[in-house]
Amino acid sequence: MPTITTETELAAVLWDMDGTLVDTEPYWIAAEMAMSAEQGGSWDESLAEDLVGLPLQVSAAELQRRAGLRGTVEEIVEEMIARVISAIATEGLPWRPGARELLDALGHAGVPCALVTMSWRRLTNVVLTGLDPNPFQVIITGDEVTHGKPHPEPYLRAAAALGVDPAACVAIEDSLPGLTSAEASGAAVLGVQAKIPIPPAPGRSRLATLEGVTVAHLRQIAGGAVEDRLLHA
């Protein structure tokens, strides 16, 4: 990150979950591929990667259409969630590098945080059991919004629930649908590349991990600074 010279108001930090806070995207992809294989469908990792960051209902509908999965969209979503929860129980909850440290630093600095995820509430609750105390003042989940990412509704609702202006917030995301949602809400964004490449865009900061990122760095991004460590990677 660049040398900090001035700091700007940072009203809140808005966090994505899967792939940003915790590295659960491989669990989702494995669940999709296993469900397809069990029903004789055709699904591979490249198809699964197309769905990263999208609402679970959209993913389930695509599995119906492209992999021939049987059942309703709701039934497919519930089965995917059950398999990811099972994977967390047996394989553990892999945190993304630097995420917990930055959460702790924000808590010590008194900066409010919201979790803005397209996962459903019952899976989100499983992830949050690994955090004590819960660092999020607001939690927005995919089953509680009318329009999921890339629509701005999830981030607008998070900012409204915190009572802050989205333009004074930084959203941390790992997917293009998530970044599109956050950018459309007016928030400054920090893309942390995980499973899927994040394309460059005006005003979009990009890093490989959150390791070494501080509250001061986020204040600088909130003030309009852009740090793109992936540009020449």
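Helix α1 supplies the largest share of the lining of the largest cavity, with four residues. Bear in mind that this is a predicted model, with a pLDDT that averages 90 across the protein.

**The cavity**

- A search through the whole structure turns up one cavity of 30 Å³ or more, and its volume is about 200 Å³.
- Lining the largest cavity are 21 residues. Those nearest its centre are Asp-18, Glu-25, Val-52, Gly-53 and Leu-54.
- Two elements, α1 (25–38) and α3, each give two or more residues to that lining.

**The pocket**

- The largest pocket has a volume of about 170 Å³.
- Around the largest pocket you'll find Arg-100, Leu-103, Asp-104, Gly-107 and His-108, along with Leu-131, Asp-132, Pro-133, Asn-134 and Pro-135.
- That pocket lining splits into four nonpolar, three polar and three charged residues.

**Helix α3 against helix α4**

- Helix α3 covers residues 56–67 and helix α4 covers residues 73–91; their axes come within 9 Å and cross at roughly 110 degrees. An angle of 65 to 115 degrees counts as roughly perpendicular, so that is how α3 sits relative to α4.
- On the α3 side, the contact is made by Leu-56, Gln-57, Ser-59, Ala-60, Ala-61, Leu-63 and Gln-64.

**Helix α5 against helix α9**

- Helix α5 (residues 99–109) packs with helix α9 (residues 215–222) at an angle of about 80 degrees, and their axes are 9 Å apart. The two helices are therefore roughly perpendicular to each other.
- From α5, the residues that meet α9 are Leu-102, Ala-105, Leu-106 and Ala-109. Their partners in α9 are Val-215, Leu-218 and Arg-219.
- By class, the contact of α5 with α9 has six nonpolar residues, one charged residue and no polar ones.

**The cis peptide bond**

- Lys-149 and Pro-150 are joined by a cis peptide bond, with omega at about 15 degrees.
- Pro-150 is found in the loop between β3 (138–140) and α7 (153–162).

- Across the model, 96% of the residues score a pLDDT of at least 70.
- Residues 1–6 are a stretch to be careful with: pLDDT stays under 50 there. The model does give residues 1–6 14 contacts beyond four places in sequence.

Note on methods: Residues numbered from 1 in each chain as written. Predicted model: local features only at pLDDT ≥ 70, side-chain atom pairs only at ≥ 80, totals over all residues. Heavy atoms only, no water. pLDDT = per-residue confidence, 0-100. Contact = heavy atoms within 4.5 Å. Axes fitted to C-alpha atoms, helices over the stretch in contact; angles between N-to-C directions. Parallel < 35°, antiparallel > 145°, perpendicular 65-115°, else oblique. 1 Å grid on protein atoms, 1.4 Å probe; cavity = no way out; pocket = protein on both sides within 12 Å on 5 of 7 lines; lining within 4 Å. Points joined across faces, edges and corners; volume = space filled by probe spheres on them. Nonpolar A, V, L, I, M, F, W, Y, C, P; charged D, E, K, R; others polar.
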